[in-house]
Amino acid sequence: SVFNNTTIFSPYEPGSVFKPIIMAAGLDLGLVNPFTTYTDTGERIINGKKIRNALNKVYGLSTMTNVLESSINTGMIFVAEKIGRERFKEYVEKFGFGKKIGISLDTELPGDIDSLSKKSAIYIANGSFGQGLTATPLQIAAAYAAMASGGNMPTPYIVDEIRHPNGQIDKTEPETKLVISPNTAKLITAIL
């Protein structure tokens, strides 16, 4: 275990740090905006299971900005239901979850988003606030980098440049892929 890099080797259940990723999907699809409201009653019952906000808080009328500011679980379920199961999973995959990022280090693990393939609504509800799936710290950092850089998710790399004995320098050109629109990136960054 001494030789395993926990940044890429130790997937964990991310919890609330996953909320902005799902909110970004809702914004990108035009299903919500920062001022979209919903009324929080403090809990939701999905497939017979009660899901509550942390500390059993009830927030009442809330905007999507409030949902992230106060980390409201039921508000994230509201967003996830608007997105729908197929698009939810699609955005989670676009952000690089459930597969290796491709960094040039051994022992990278992909995390686990298999629960999102199940048809029961409880899996998307839990996934909306980062439970029932796993991600590596590097995957979370890359997703936040995408939100902070105009929607372009960079592929992380280790070596910045290689300097050869003959003086030639091979500079790493990081690859990026657009995962959300630049406008969505501005909105989610402003909300955060």
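Trainee: Which residues in helix 7 meet A185, I188 and T189 in helix 8?

Mentor: Quick note before we start: this is a predicted model, where local features need pLDDT of at least 70, side-chain atom pairs count only at pLDDT 80 or more, and totals for chains, interfaces and linings use all residues. Residues are numbered from 1 along each chain as its sequence is written, and side-chain values use heavy atoms, with hydrogens and water left out. Helices here are DSSP runs (H or I, at least four residues), numbered from the N terminus, and contact means heavy atoms within 4.5 Å. On the helix 7 side, the residues that meet A185, I188 and T189 of helix 8 are A146, M147 and A148.

Trainee: How many nonpolar residues does the contact of helix 7 with helix 8 have?

Mentor: Ala, Val, Leu, Ile, Met, Phe, Trp, Tyr, Cys and Pro count as nonpolar, Asp, Glu, Lys and Arg as charged, and the others, Gly among them, as polar. The contact has one polar residue and no charged ones, and its nonpolar count is five.

Trainee: At what angle do helix 7 and helix 8 pack?

Mentor: Helix 7 covers residues 137-148, helix 8 covers residues 182-191, and their axes are 7 Å apart. Axes are lines fitted to C-alpha atoms, for helices over the stretch in contact, and angles run from 0 to 180 degrees between N-to-C directions. The angle between these two is about 110°.

Trainee: Is Q139 buried or exposed?

Mentor: Q139 sits in helix 7. Its side chain reaches the backbone oxygen of K99 at 2.9 Å, and its contacts beyond four places in sequence include F97, I101 and P110. Buried means under 20% relative accessible area, exposed over 50%, and partly exposed in between (1.4 Å probe, protein chains only). With a relative accessible area of 0%, Q139 is buried.

Trainee: Which backbone oxygen does the side chain of S128 reach?

Mentor: S128 lies in helix 6 and is buried, with a relative accessible area of 0%. Leaving out residues up to four places away in sequence, S128 touches several others, including K19, I22 and F88. At 2.6 Å, its side chain reaches the backbone oxygen of A125.

Trainee: Why is helix 2 largely enclosed by the rest of the structure?

Mentor: The buried residues of helix 2 pack against helix 3, helix 4, helix 5, helix 6, helix 7 and helix 8. Among those buried residues are I21, M23 and L27. Helix 2 is largely enclosed because, of its 10 residues, the number buried is nine.

Note on methods: Polar contact = N/O pair within 3.5 Å; in protein donor to acceptor, adjacent residues only side chain to side chain.
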